[in-house]
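Subject: Structure handover

Hi,

My notes follow below it.

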Amino acid sequence: MSILVLTAMEVEKKTLLSTMQNIDEIPLVNGGIIYRGTLDGRRFFLVESGIGKVNAAMTCALAIAACGDEISLIINSGVAGALLSDQKPCDIVISEAVRYHDVNVCAFGHALGQVPFQPAVFDADKDAVQTCLQICKKSGYPVRVGQIITGDRFIEDEKTVKELSAHFPQALAVEMEGAAVGHVAHRCGKPFLVIRAISDCSDNNAKGSYEKFLHEAAQHSETIVRGFMNAEKNT
């Protein structure tokens, strides 16, 4: 069985793609391409979804439809904004769970962030979380495990950070795809994991920090994914 790695942007996948071998391409109807090949002797799939919840959900669903029988785990890898004051650029956050922060159907009794009749929180695969945590510790990367929240907005002000932290006190990071991937994985019966490296602090300096640390943070995230692949290969 193989792992599907889904990233939002080219910069988040380029190192993995450059080290893949025996590649063949599977075109998707949305214009995306699944790269099927091997990395360090393990077969896996790699796809870039585009930014945002719809792009991530669409690409994830299409990839499962195309290759689902071969996929044993879905990993959404990339960068995120921090929600804690002591987090630094390139720190790693591993999803214990993911949830939306920009869904509000509370008037009908649903939790904030909950799509009606779906779980309010999507739990990541526990074994994958523990494997990833051990890889981070061995690599020396600062790492936390907890909730990652998702919405179609780049957070760049401290007021919004405080609001998000008040509404979702367990959240460690905020981004734009993870919960959508977790949602699709849940609906399709596939285990998943979200790995994020911090690119910015979601504050008034977020844009500058993001531009400064994007490539480095993306490389850290890719390094953890590759370590995960090697760990899985040896089990």
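Accessible areas here come from the Shrake-Rupley method with a 1.4 Å probe, and for residues only the protein chains shown count as cover. On that basis the protein exposes about 10300 Å². Carbon and sulfur atoms supply 51% of that area.

Two notes on provenance. This is a predicted model, in which local features need pLDDT of at least 70 and side-chain atom pairs count only at pLDDT 80 or more, while totals for chains, interfaces and linings use all residues. Residues are numbered from 1 along each chain as its sequence is written, and side-chain values use heavy atoms, with hydrogens and water left out.

**Overall fold**

The protein has six helices and ten strands. These are DSSP runs numbered from the N terminus: helices are H or I with at least four residues, strands are E with at least two. The radius of gyration is 17 Å, close to the 18 Å that the globule rule gives for 235 residues, so the protein is as compact as a globular protein of that length. That radius is taken over C-alpha atoms, and the rule is 2.2 Å times the number of residues to the power 0.38. Along the principal axes, the C-alpha atoms fill a box of roughly 50 × 40 × 30 Å.

Of the 235 residues, 54% count as buried (under 20% relative accessible area; exposed is over 50%, partly exposed in between; 1.4 Å probe, protein chains only). Contact means heavy atoms within 4.5 Å. Among contacts with a separation of 6 or more, 77% come from residues 24 or more positions apart.

**S95**

S95 sits in strand β6 (residues 92–100). S95 is buried, at a relative accessible area of 0%. Leaving out residues up to four places away in sequence, S95 touches A124, V129, G146, I148, L193 and V194. The S95 side chain also reaches the backbone nitrogen of V194 at 2.9 Å.

**Q147**

Strand β8 (residues 143–150) holds Q147. Is Q147 buried or exposed? Buried, with a relative accessible area of 5%. Its side chain makes a polar contact with the side chain of Q170 (3.0 Å). A polar contact is a pair of N or O atoms within 3.5 Å; within protein, one must be able to donate a hydrogen and the other to accept it, and residues adjacent in sequence count only if both atoms are side-chain atoms. Beyond four places in sequence, the residues that Q147 touches include A97, R99, V121 and Q170.

Best wishes
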